[in-house]
Amino acid sequence: MTARSVCRERKTYWEGISRNMLARPPRAKDKDAQQVQLWKRLINYEKRNPQKLDKQGLIDRVTFTYNQALLCLYHYPEIWHDLAMYVLSTLGLEQAALVYDRAISALPDSLLIHFEYADFLEKGYNYAKAKKIYDDLIK
């Protein structure tokens, strides 16, 4: 696939995405759900590596796309979790833990992120830190 055709195809994935949308908490509106789906579609496209980048280039490109999505979808725990799982599969436990730390600081009231992070820590046998997250939720 040539660079021109990749660019043309990528433009079709960007259509409909509101890049200037302010980050706000999720609401029960069709437009917000549509934006989440459009961003996920773009991220999945980038994961397919249409540019035939090397391994590190692909990781950087997909992570960059996730971070772009977070500019608009900062308050969506689903996007944070997807990013953490991607980072876990590509960069390892420590980097994924940093993503979860960012997510918890961004969404301190999100039970979903807290429980997913605690579960992640328990799978990595870091029971002390998982217990601290559960204790912080109780407070």
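**Notes on a helical model**

1. Let's start where two helices meet. From H2, the residues Trp-39, Leu-42, Ile-43, Glu-46 and Lys-47 come up against Leu-58, Arg-61, Val-62, Thr-65, Tyr-66, Gln-68, Ala-69 and Cys-72 of H3. Sorted by class, this contact has eight nonpolar, two polar and three charged residues. Keep in mind as you look that this is a predicted model.

2. How do H2 and H3 lie relative to each other? Their axes are 9 Å apart and the packing angle is about 170°. An angle over 145 degrees counts as roughly antiparallel, so H2 and H3 are roughly antiparallel to each other.

3. Now have a look at the loop between H2 and H3, where you'll find Asn-49 and also Lys-52. Asn-49 has a positive phi near 60°, and Lys-52 likewise has a positive phi near 60°. That deserves a second glance, because most residues other than glycine have a negative phi. Buried or exposed? Asn-49 has 13% relative accessibility, so it counts as buried, whereas Lys-52, at 65%, counts as exposed.

4. Back in H2, which spans residues 30–47, check out Asp-32. With a relative accessibility of 2%, Asp-32 counts as buried because the cut-off is under 20%. Leaving aside residues up to four places away in sequence, Asp-32 touches Arg-24, Arg-27 and Tyr-76.

5. Next, the largest nonpolar core: it has 41 residues, and those with the most contacts inside it are Trp-39, Leu-73, Trp-80 and Tyr-117. As background, nonpolar side chains in soluble globular proteins tend to be buried together.

6. Not counting residues up to four places away in sequence, Tyr-117 touches Ala-97, Tyr-100, Asp-101, Ile-104, Lys-129 and Ile-133.

7. Finally, H4. This helix has 14 residues and reaches 20 Å from its first C-alpha to its last, close to the 20 Å expected. Its buried residues are Pro-77, Ile-79, Trp-80, Leu-83, Ala-84, Tyr-86 and Val-87. What covers them? The cover includes H2, H3, H5 and H6. Just after H4 comes Gly-92, with a positive phi of about 110°.

How values were computed
Residues numbered from 1 in each chain as written. Predicted model: local features only at pLDDT ≥ 70, side-chain atom pairs only at ≥ 80, totals over all residues. Heavy atoms only, no water. Helix = DSSP H or I, 4+ residues; strand = E, 2+ residues; numbered from the N terminus. Buried < 20%, exposed > 50% of the residue type's maximum accessible area, 1.4 Å probe, protein only. Contact = heavy atoms within 4.5 Å. Core = buried A, V, L, I, M, F, W, Y, C linked by side-chain atoms within 4.5 Å. Axes fitted to C-alpha atoms, helices over the stretch in contact; angles between N-to-C directions. Parallel < 35°, antiparallel > 145°, perpendicular 65-115°, else oblique. Nonpolar A, V, L, I, M, F, W, Y, C, P; charged D, E, K, R; others polar. Expected span 1.5 Å × (residues − 1).
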